[in-house]
Amino acid sequence: MRLPVLTFLLMALVLSLVAACGEGGGPATPVRPVDLATIPAEPEDGGTLVEAMLGEPDNLISMLSTTSASHAVASRIYVGLIKYDKDIEVVPHAAKSFEVLDQGRLLRFTLREDIRWFDGRPLTAEDVEFTYRLMIDPETPTAYAENFKAVKAFRLTGPFSFEVEYDQPFAKALITWAMDILPKHALEGENLLDTRYSRQPLGAGPYKLREWTPGTRIVLEANPDYFEGRPHIDRVIYRMIPDLSTQFLELKAGNLDTMDLTPLQYLFQTTGPGWDGSFHKFEYLASGYAFLGFNMKHPFFQDVRVRRAIDHAIDRREIVMGVLFGLGEMANGPYKPGTWQYNEDVVPREYDTQRARALLAEAGWADTDGDGLLDKDGVPFAFSIITNQGNTQRIKAGVIIQQRLADVGIKVELRTVEWAAFIKEFVDKGRFDAVILSWNILQDPDIYSVWHSSQAVERGLNFTRYVNPVLDDLLERGRRLVDPKERKPIYDEVQRILHDDVPYCFLYVPKSLPIVQARVQNIEAAPAGITYNFPQWWIPKSLQMQP
């Protein structure tokens with residue numbers, strides 16, 4: 001029997017708060033409140049910042065990885081030609097300047113001449129060309145090649161300048177070149193799948209790798225020659241802690257400086273003595289969504305009526321309230337609510353168990369033996385959902401989905417898998433029935449790399465193997481336009497197709513809830529989040545702690 005939503009939520013809240021009280025109301029060793037009067041007026045160098053990671057990077061050549069852990073660390077080791085500023089506007093980075101000409105068909109870049117690789121060699125336009133050639137090389141196992149394949153010609157125009165030509169306008173032409181630049185002199189001729197540089201990266205960014213203890217921690221140290229100025233914080237330590245509850249205990253004990261809180265932790269476990277004045281909390285709608293993705297090769301999910309039925313059987317509001325405690329929104333497609341690309345006319349599919357049962361009956365599923373479980377041709381409707389260990393939000397969402405599908409006669413086994421194996425052995429290889437995961441929502445609406453049929457290959461981002469020629473055509477057309485007014489109808493239709501065809505059940509867009517020890521200075525919330533100015537963060541000498 002389905003519990004009323006309010007009863008379910010109250011039970012979840014009571015159980016969660018009991019668990020919270022069992023962990024203690026404040027830090028085990030309270031973090032000292034920071035006396036703002038003692039903070040110097042000017043930044044001071046030194047100190048160590050410790051943050052947690054749920055999963056370990058698989059390598060630190062970011063083009064070879066699709067994991068957030070790899071990209072998070074690599075983003076502090078390498079540089080791109082351009083980047084997003086705090087307002088999510090494109091600005092120069094390694095490039096001194098750039099021009100967009102002929103309606104986006106021609107890009108011209110001039111690089112700064114004061115950038116050095118960690119070994120002292122200058123970063124030049126040849127390094128950019130080398131990185132581009134790697135991206136389009138069919139032997140390079142990357143999921144990010146398509147944007148570079150749109151290039152008609154790449155021409156060096158000097159040691160520190162080049163131009164890129166496209167045969168037609170390409171909406172993502174400029175932002176494509178935010179990719180990490182790789183060193184030609186180190187990687188030329190290397191086997192990217194078996195090179196020491198994947199674990200001993202040679203970059204030009206604000207931090208360089210000092211130590212990597214597998215399964216335990218990664219230590220970065222400040223690059224004194226970073227062209228934008230030496231970072232203030234000497235060391236950044238990433239600790240691999242594959243469980244959010246354990247991370248929280250470490251935060252309480254003062255062993256972490258920052259982590260992303262769960263809604264429960266944010267609302268109920270991080271206020272009062274030991275927290276107020278010792279930590280700063282932030283809250284903003286994340287640029288990402290969680291989803292239940294179907295393996296389109298699985299015989300159960302090849303009938304759109306079944307996928308729509310499952311979508312009707314999931315109560316997203318219950319997930320937002322029960323898992324996120326209201327700190328988030330229901331997802332309805334691959335775009336962030338409130339942005340120009342979001343289609344307000346696509347009405348979310350309502351939670352409706354009667355409609356779900358009717359659709360399943362139309363698809364031939366019935367309880368022929370009276371055991372409460374649907375079956376068809378003697379096969380019971382039972383499948384597994386996998387997600388990664390340690391992510392309590394996804395796991396709790398999976399438990400709710402498991403219960404609601406049981407209400408309509410579908411048996412679900414929920415499995416959790418360690419992160420590295422989850423990605424390499426299951427997601428990348430398409431070895432799953434259904435999966436709960438999340439995608440970042442990028443600023444540009446082009447989602448070719450996730451949804452185009454050409455990406456439905458092993459290690460491709462279209463790991464659900466969804467193929468739709470009409471969608472393919474829209475994605476190809478949309479990325480060839482530059483004017484948002486011309487692109488809007490195309491991506492409105494993209495969202496409508498994904499809603500009607502249901503390759504994913506879009507679940508929720510969570511709030512980002514980072515917490516940082518108050519000893520860390522110069523943190524500002526912005527549309528781009530809080531880490532856009534990370535090299536400018538600093539810790540007063542009186543509050544610095546050594547690892």
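**Sheet and helix**

A: Phe154 stands opposite Val164 in β7. This is a predicted model, in which local features need pLDDT of at least 70, side-chain atom pairs count only at pLDDT 80 or more, and totals for chains, interfaces and linings use all residues. Residues are numbered from 1 along each chain as its sequence is written, and side-chain values use heavy atoms, with hydrogens and water left out.

Q: How many bridges join β6 to β7?

A: Strands of a sheet pair through backbone hydrogen bonds, either parallel or antiparallel. Here β6 and β7 (residues 161-166) run antiparallel and are joined by six bridges; two strands pair if DSSP finds at least two bridges between them. Strands (E, at least two residues) and helices (H or I, at least four) are DSSP runs, numbered from the N terminus.

Q: In what order do the four strands form the open sheet?

A: The order is β4-β5-β7-β6, with antiparallel pairing. At the edges are β4 (95-101) and β6 (151-158), each pairing on one side only.

Q: Which residues of α13 are buried?

A: An α-helix has 3.6 residues a turn, so residues three or four places apart point the same way. In α13 (residues 419-427), the buried residues are Trp419, Phe422, Ile423, Phe426 and Val427. They cover an arc of only 120 degrees around the axis, which puts them on the same side of α13. Buried means under 20% relative accessible area (exposed over 50%, partly exposed in between; 1.4 Å probe, protein chains only); the arc is that of the directions from the helix axis to the C-beta atoms.
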